[in-house]
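Work through the exercises below with the sequence and the model at hand. Each task is followed by a stepwise solution.

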Amino acid sequence: LETALQDRPGTRASILSAIAEVFQDLDMHDKALPLSQEVLSLHQSIHGETSRQARDSMGWLARLHGVRGEYGLAGPLHIRRLELAQAADPMDPAEVSDAHIRMGRQSLSTGRVAHAEHHFQAAVELATTEDLPRQYVDALRSLADAQRLLGRLEVSEINARTAAESTETVRGELSAAAGLAHGTLANSLTALGRYEEAEVHFRKAVELLSGTLGPEHGNTLTRMSSLADMYTESGDLASAEELAKRTVAIGDKVLGEDHPSVGRYLLPLAKALERQGRLDQAQVELERAADIFRQTLEPDNYQRALPLLGLARIHLEQGHPSLAESTGREALEILQSAFPEGSNLTATAECRVGRSLLLQGDTGEAATHLERSLESFRATSLDPAVRDECLAAASEARRLRGDSRAGGQEDPSSG
């Protein structure tokens, strides 16, 4: 690279690309980045900016920026690659489908979930029409993730199951892709409360990803963190805390203490601690996650709201409604910009703000927020614990206002 290949830019680009790919597979993103940047520059110089080689390099560099949490740098590259792929003559349907998937995942990472769903749906339709099995399974798995976040849990589970079964056929039963697909299915099952079935798929995902990518790879850690969260939801708090702590420790070591993925790994740990009544410890973990997200994520990224929702709940439990209100309003503002009306996360934020206002004596505004959260029950599947929390608060608000519906006789989540 430093001698003979200085005058052979095409060969140099090929070797640099191979080295960068190895670095990325090893989660050594800092070493992969400058090599990927040079590869893109070489291909643009040799073949032109609109060439297939340059477009592929552009997509790879965008993906790398996304893995590093540099969404502001990744976004324009993804957009440009999709534009160039669609304008190519002849157009390659596989490339366009891949570009839609990458654009969708970029949108998912930045909290634009409805936008992500649009791109995944476009990729599924194109892959179906053009008989592109690899793109089909990748797009369908990603579509299931978006649908789960939007609260469409039943259709998410159907698509996730189809993607898992199809991925084993298309990519191999022992592939990393199969591991990712099992993880997506496990997340959908967890959201539906089917914990025993979810655990089977989570363990399969961790096993496959550990064997293909390594036990400390980011994709493996993400599924471990999700499994810890599932343990909390199923009531196995000891297993949840142990696994969550192990995941955070590995993330700190491998990715760095300020990496956005570490912020995500802290959330299940905080939840496990809170469910055990260790509120002060949970608050420390949530505040750390919130600080990481403020430093690394865009202001309208929905993930910034996740630790804030937890902090609002803890402030309520500690008897600090004013703090709960300010934290809940910050979360609500983020979620309203990221999700369409009626999403489950937005409903949760409405509930927390409503509860905090109720405790401060502002019954009128509290009732408005709480009724909006209840209205979302008709459009989405809300966490049962959050539903009960909101129903109890709304019933109290109605009682204080002298509403004839006081007592919670009407449950909008039924029927």
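Among contacts (heavy atoms within 4.5 Å) in the chain between residues at least 6 apart in sequence, 59% join residues at least 24 apart. The model is predicted: local features need pLDDT of at least 70, side-chain atom pairs count only at pLDDT 80 or more, and totals for chains, interfaces and linings use all residues. Residues are numbered from 1 along each chain as its sequence is written, and side-chain values use heavy atoms, with hydrogens and water left out.

**Exercise 1. Overall form**

Task: Describe the secondary structure, the dimensions and the surface of the chain.

Solution. 
- Step 1. Helices (H or I, at least four residues) and strands (E, at least two) are DSSP runs, numbered from the N terminus. The chain has 19 helices and zero strands.
- Step 2. The radius of gyration is taken over C-alpha atoms, and the globule rule is 2.2 Å times the number of residues to the power 0.38. For 415 residues a compact globule would have a value near 22 Å, and the 23 Å of the chain agrees.
- Step 3. The C-alpha trace spans about 80 × 45 × 35 Å along its principal axes.
- Step 4. Accessible areas come from the Shrake-Rupley method with a 1.4 Å probe; for residues, only the protein chains shown count as cover. The accessible surface of the chain is about 17900 Å², and carbon and sulfur atoms account for 49% of it.
- Step 5. Buried means under 20% relative accessible area, exposed over 50%, and partly exposed in between (1.4 Å probe, protein chains only). Of the 415 residues, 54% are buried.

**Exercise 2. Nonpolar cores**

Task: Which residues touch the most other members of the largest nonpolar core?

Solution. 
- Step 1. A nonpolar core is a set of buried Ala, Val, Leu, Ile, Met, Phe, Trp, Tyr and Cys residues joined through side-chain atoms within 4.5 Å.
- Step 2. The largest core holds 81 residues, and L108, V113, Y302, L335 and F339 touch the most other members.
- Step 3. Helix α13 (residues 260–275) supplies the largest share of this core, eight residues.
- Step 4. A second, separate core has 15 residues, including A13, V39, L61 and L64.

**Exercise 3. Backbone exceptions**

Task: Which peptide bond is cis, and where is D131, a residue with positive phi, found?

Solution. 
- Step 1. Most residues other than glycine have a negative phi, and most peptide bonds are trans.
- Step 2. A cis peptide bond joins D89 and P90, with omega about 5°. P90 is in the loop between α4 and α5.
- Step 3. D131 has a positive phi, near 55°. D131 is in the loop between α6 and α7 (133–149), and at 63% relative accessibility D131 counts as exposed.

**Exercise 4. The disulfide**

Task: Which residues does a disulfide join, and what is its handedness?

Solution. 
- Step 1. A disulfide is a pair of cysteine sulfur atoms within 2.5 Å. By this rule there is one disulfide.
- Step 2. C351 is joined to C390, with an S to S distance of 2.3 Å.
- Step 3. The torsion about the S-S bond of C351 and C390 is about -130°, so the disulfide is left-handed.
- Step 4. C351 lies in helix α17 (residues 344–359) and C390 in helix α19 (residues 384–401), so the pair ties together parts 39 residues apart in sequence.
- Step 5. Both C351 and C390 are buried.
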